[in-house]
Amino acid sequence: MISPILHFLFRHLIKGPHTMRERIAPDPDGLGELVAALERAARRRLGRSLSIRAVDSGSCNGCELEIHAVNNPVYDLERFGIRFVASPRHADVLLVTGPACCNMAEALARTYAATPAPKWVVAMGDCARDGGCFAGSYAILGGTDAVVPVDLHIPGCPPTPKQILSGLLALLDTAGR
Amino acid sequence: MIGNVSLLEFLSSGQLVENHRPWPRYRLDGKAWRALVERLDAADWTLMAEWGEPTEIHVALRDEVNRDIAVVSRPAFDRRFFALGQVRPGAVRIERAIRDLWGLAPEGLEDQRPWLDHGRWPSRRPLSAQPQPPAEAPPAYRFLEAEGVGLHQIPVGPVHAGVIEPGHFRFHAQGETVVRLEERLGYVHRGVEGLLRDAPLDKAAKVIARVSGDSTVAYSLAFARAVEAALGCEIPPRAHWLRALMAEMERMANHVFDFGAVCNDAAFAIMLSHMGVLREQLVRANAAMFGHRLLMDRIVPGGVATDLSPEGAEALRHLLHNFAKNFRKAVALYDSAPSLLDRTAGTGITYASLVHRFGAGGVVGRAAGRAHDARRTPGYPPYDELDFDIPLYAEGDVHARLMVRAEEVRASLAIVAQILDSLPKGAISVPLPQVAGEGMGVVEGFRGEVVVWVRMAEDGTVLHCHPHDPSWFQWPLLEAAIEGNIVADFPLCNKSFNCSYAGHDR
Ligand code: SF4
């Protein structure tokens, strides 16, 4: 008898990756074009390697859920060479979520300082732009730019995987220049 | 009279506060409050939540014998109160936070260190009547010490290696073995309760939905129920059923992903991929049915914001059929991987005694012998009309927490099928009456019991609102669960708890 794990792997080999299956990735709103554009840009500008370090400076964790989603097999961000890395010292991009909480300001600033130049900061979500629905609280300083300079903002609460992909595409356009 | 006095009997000597629904609220004087704390040492009354106001302290309690719930308040004009943390360890961090925010001093508490206040806010005691100027420099936090030959410290965080929320963990380790773990949280404190003071209802609802994004449905539901209770408002049956549908979709999406993520932390990455796809199917169905992947802002006081179309219901039925099949296969894969079971079985054990002492609910509680589920007790519509099982395990290890998740997904699938079969027709919301009042909502989120308390003004303004996350009673148990395990198993244990940082820090 073949073991369940072999069976599992074999089935997925035959069926091909989720990114290619129509059933799961219907393309009503241009996700396909977006993906193709992202691939071209990633290859041209970065030779297929961009490392992102995610920093939560006060998120409600909704934005984190969508970061996980772009890494799932359906969107599979890694196929463009865009990877999430464990340390800011390995990163080209800081992807910051949430408002800039007072209690996280120093950690965020130090993470930024630990990232080697050239580096870019992407503020992800409405909170990271200006504090979002937490604006005006005693416990936050504002959006990400209250602590570190921001290169690009991805709108949404939380941004959908598609918005994240197009945000990264826009970043590649900037970064390659 | 010593003996089996029920909670409500005990409180009957206090002053009943008018307009608090659906459970009563009593005001006690200092002496009676002290008697309450002493009685809590032995009584089978569960601490549900505790919070402050500038001159009052509140606690929500549940009598486990007859299931009565009550809110107990004590005016604290002298800005101090006899601490519950002396007899209920689960209250210790809450009361440290109460002092940080409202400046009410918990008397008799051994641990007097600050908790949420890291010395970085523009003022100290920001929610008290007179906030004070901050300290000149953030004070150093005094971690508990451990002594012994060869002991070393490992500080981790607040910024971690993975895509997770920030928190600091201080390990004392001997070689590979953890001797003590101490958590330090509060990094993502956003001042939610400050924002909820004198807030228009729609703004308050938006903030509440973002206390902990993965539990947005649970929080919105608890808030809506609290507001409706305060205003004495009945919502249409269809709204109840749609709310339950959303709550079960949220529960499944989170459990499924957590199942994959726990296995991933035991170096079994294929499970994360598989579960990631299943989760994606659910959140896409959410977007197709209700217009938001995480269902944010879909539950509003008075009902729900979006109706479910017949086509939407049909599509969901179809989707869940395949989903159930694939989920079953994935769990079978888990069962057939001895190398994976070797990592999860016997790892990160929480003991039933501790789980009961802290009143920990959700997956953490049900994996270690505490069966509490707010859908049953106190219960709320439409769950009284639905047939579902609540899994219960005794082992308290990572494996048991995974099994509880798997069984809860199956239970949720059964619930959703019943909802789709008997969804009542009719309106999905009602206008809210313009009255003043206080109310509390208690809801079972995927993580455990979410409690929201609210005080409404006549013009529809939220005067005061307190959201309580189940993580408050689970985080301390993680410290106990990791003891004696190896440092490398910490991510596995932590993920198997999956406590909320944002919900806890608020
Ligand atoms: S943008 Fe929305 S989802 Fe993201 S952290 Fe802010 S409130 Fe949460």
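Let's start with one residue, B:Asp214, which sits in the loop between helix H5 (201-208) and helix H6 (216-231) of chain B. A reminder before I go on: this is a predicted model.

Is B:Asp214 buried or exposed? It is buried, because its relative accessibility is 7% and the cut-off for buried is under 20%. Its side chain makes a polar contact with the side chain of B:Arg447, at 2.7 Å. What else does B:Asp214 touch, once neighbours within four places in sequence are set aside? On the chain A side, A:Cys60, A:Asn61 and A:Leu65. Within chain B, the contacts are B:Glu250, B:Asn254, B:Phe446 and B:Arg447.

Now take A:Asn61 from that list. It lies in the loop between S1 and H3 of chain A. A:Asn61 counts as buried because its relative accessibility is 3%.

There is another positive phi to look at, in A:Asp76. Here phi is near 45 degrees, and again the residue is not glycine. A:Asp76 is in the loop between H3 and strand S2 (82-84) of chain A. Its relative accessible area is 27%, so A:Asp76 is partly exposed.

On to the ligand. Where is it? Between chains A and B. The residues around it from chain A are A:Ser59, A:Cys60, A:Gly62, A:Cys63, A:Gly125, A:Asp126, A:Cys127, A:Gly156, A:Cys157 and A:Pro158. Helix H3 (62-70) and helix H5 (126-130) of chain A each supply at least two of the shell residues.

Look at A:Pro158 in that shell. A cis peptide bond joins A:Cys157 to A:Pro158, with omega about -15 degrees. A:Pro158 is in the loop between strand S7 (152-154) and helix H6 (161-175) of chain A. Chain B has a cis bond to show as well, between B:Arg21 and B:Pro22, with omega about -10 degrees. B:Pro22 is in the loop between strand S2 (20-21) and strand S3 (25-27) of chain B.

Next, the interface. How many residues does each chain put into the contact? Chain A gives 53 and chain B gives 55. Together the chains bury about 4200 Å², with 65% of that on carbon and sulfur atoms. Three residues, A:Phe8, A:Asn103 and A:Tyr138, supply 19% of the area that chain A buries against chain B, more than any other three.

The polar side of the interface comes to 20 residue pairs in polar contact. Helix H1 (4-15), strand S1 (50-56), H3 and helix H4 (102-114) of chain A each bring at least two residues to the side that touches chain B. H3 of chain A gives the most, with seven residues. By class, this side of chain A has 33 nonpolar, 14 polar and six charged residues.

Salt bridges between chain A and chain B number two. One pairs the side chains of A:Glu66 and B:Arg293, at 2.6 Å from N to O.

Over all chains, the salt bridge count is 35. Let me pick out a few in chain B. B:Arg375 and B:Glu248 meet at 3.2 Å, N to O. This pair links distant parts of the chain: B:Arg375 is in helix H13 (residues 375-379), B:Glu248 is in helix H7 (residues 237-265), and they are 127 residues apart. B:Arg375 is buried, with a relative accessible area of 5%. B:Glu248 is buried too, at 0%. Both belong to a network of salt bridges that also takes in B:Arg251, B:Arg366, B:Asp373, B:Glu408 and B:Glu444.

B:Glu280 and B:Arg284 form another, at 3.0 Å between the closest N and O atoms. They are four residues apart in helix H8 (residues 269-290), so about one helical turn separates them. B:Glu280 is buried, at 1% relative accessibility.

Last pair. B:Asp489 and B:Arg343 meet at 2.8 Å, N to O. B:Asp489 is in the loop between helix H15 (475-482) and helix H16 (490-497), and B:Arg343 is in helix H10 (residues 338-344), so the bridge ties together parts that are 146 residues apart in sequence. B:Asp489 counts as buried at 10%, whereas B:Arg343 counts as partly exposed at 27%.

Methods
Residues numbered from 1 in each chain as written. Chains lettered and ligands numbered in written order. Predicted model: local features only at pLDDT ≥ 70, side-chain atom pairs only at ≥ 80, totals over all residues. Heavy atoms only, no water. Near = heavy atom within 4 Å. Contact = heavy atoms within 4.5 Å. Buried area = accessible area lost by both parts, 1.4 Å probe. Salt bridge = Lys/Arg side-chain N within 4 Å of Asp/Glu carboxyl O. Polar contact = N/O pair within 3.5 Å; in protein donor to acceptor, adjacent residues only side chain to side chain. Nonpolar A, V, L, I, M, F, W, Y, C, P; charged D, E, K, R; others polar. Buried < 20%, exposed > 50% of the residue type's maximum accessible area, 1.4 Å probe, protein only.
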